[in-house]
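Here is a short report on a predicted model.

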Amino acid sequence: MPRLSEVIAALENLWPAERAESWDAVGTVVGDPDQEVTRVLFAVDPVQDIVDEAVKLGAGLLVTHHPLYLRGTTTVAASTAKGRVVHTLIKHDIALHVAHTNADTADPGVSDALAGALDLRVTGPLVPDPADPAGRRGLGRICALDHPLTVRELAARAAERLPATAQGIRVAGDPGALVRTVAVSGGSGDSLFDHVRAAGVDAFLTADLRHHPASEAVAHSSLALLDAAHWATEWPWCELAASQLDEISDRHGWDLRVHVSKTVTDPWTSHSPSPGAPN
Ligand SMILES: [Zn+2]
């Protein structure tokens, strides 16, 4: 049975903390390095529902993509939502480790998992990391479709393969246009429009696209946009990361039990006027 420090060392090897953005807050948030770990839970968000799930599961380590605290805090009192998370974790001997922008740019990383979920063939990073001589790490991925799909078909595939959310897949652009190349970026891709345009791809699949950049992209180019819930675009990484840790566990004879949370932590719900009701 490995100690937490050994498991964390393996995770740090996959997603070195020094590769995170300077504003990010990655690494171990809670945990005793000497404690033994038998079960690990992967999830996107370190929220109370997920921590409660880790307690029920008997996990000794929770690994999330999003940080618990992105900025400094002066309290972990259980009267605050995040303080309650910290209390629950410590009370149940559960460690919390975060891999955020260091997992985004990893090879394989968050966008590889998104591409993989849709059976897209990755040809390279959308924004290569200049520190990687092999040119494989970086933000987002450019993918090729061996069999071109229409925008409508690609959206249907995304809706079918990504976990369901209230938002579904929003599409901008001509639904009948053919897609041979697509840029994907798990999480907010709004800042990547210039790179997507420079890549000359047919479509861009990401999350959190805003009105004006989307409206301009569709008006001034043939680029199609597919926008899924932020959580849904990052969730496939949990499965990828879990399989990476499983493999490490096998190699070391750790016999870890590695789980992926299926709890939907997308905060959005959707409301339409009920049929027949005045609106
Ligand atoms: Zn995210």
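## Salt bridges

The structure holds 13 salt bridges. A salt bridge here is a side-chain nitrogen of Lys or Arg within 4 Å of a carboxyl oxygen of Asp or Glu. The model is predicted: local features need pLDDT of at least 70, side-chain atom pairs count only at pLDDT 80 or more, and totals for chains, interfaces and linings use all residues. Residues are numbered from 1 along each chain as its sequence is written, and side-chain values use heavy atoms, with hydrogens and water left out.

One of the bridges pairs aspartate 34 with arginine 3, with 3.0 Å between the closest N and O atoms. Aspartate 34 sits in the loop between strand E1 (27-30) and strand E2 (39-43), and arginine 3 in the segment before helix H1 (4-14), so the bridge ties together parts that are 31 residues apart in sequence. Helices (H or I, at least four residues) and strands (E, at least two) are DSSP runs, numbered from the N terminus. Arginine 3 is partly exposed, at 36% relative accessible area. The cut-offs are under 20% for buried, over 50% for exposed and in between for partly exposed (1.4 Å probe, protein chains only).

Arginine 136 bridges to aspartate 107, and their closest N and O atoms are 2.7 Å apart. This pair also links distant parts of the chain, 29 residues apart. Arginine 136 belongs to the loop between strand E5 (121-128) and strand E6 (138-150). Aspartate 107 belongs to the loop between helix H4 (101-104) and helix H5 (110-117). Aspartate 107 is partly exposed, with 35% relative accessibility.

Arginine 197 and aspartate 194 form another salt bridge, at 3.4 Å from N to O. Both lie in helix H7 (residues 193-199), 3 residues apart, which means about one helical turn separates them. Arginine 197 is partly exposed at 45%, while aspartate 194 is exposed at 57%. Elsewhere, Asp119, Glu160 and Arg161 are linked in a salt-bridge network.

## The contact between the domains

The domain assignment gives domain 1 (4-103 + 234-260) and domain 2 (105-228). These bounds come from an automatic or database domain assignment. The C-alpha centres of the two domains lie 27 Å apart. Contact means heavy atoms within 4.5 Å.

About 1,000 Å² is buried between domain 1 and domain 2, and carbon and sulfur atoms give 65% of that. Buried area is the accessible area (1.4 Å probe) that two parts lose on being put together, summed over both. In domain 1, Arg19, Glu234 and Pro236 lose the most area to domain 2, together 41% of what that side buries. How many salt bridges are there between domain 1 and domain 2? The count is 0. There are 4 residue pairs in polar contact between the domains, both residues at pLDDT 80 or more. A polar contact is a pair of N or O atoms within 3.5 Å; within protein, one must be able to donate a hydrogen and the other to accept it, and residues adjacent in sequence count only if both atoms are side-chain atoms.

## Threonine 105

Threonine 105 lies in the loop between H4 and H5. Is threonine 105 buried or exposed? Threonine 105 counts as buried, at 11% relative accessibility. Leaving out residues up to four places away in sequence, threonine 105 touches Arg19, Arg137, Gly138, Leu139 and Arg141.

Helix H3 (residues 81-91) has Gly83, Val85, Val86, Thr88 and Leu89 buried. Their cover includes E1, helix H2 (48-57), strand E3 (61-64) and strand E4 (95-98). Just after H3, aspartate 93 takes a positive phi of about 55°.

In H5, 6 of the 8 residues are buried, so the helix is largely enclosed by the rest of the structure. The buried residues are Val110, Ser111, Asp112, Ala113, Leu114 and Ala115. They pack against H4, E5, E6, strand E8 (178-188), strand E9 (203-207) and H9. Aspartate 119 follows H5 and has a positive phi, near 55°.
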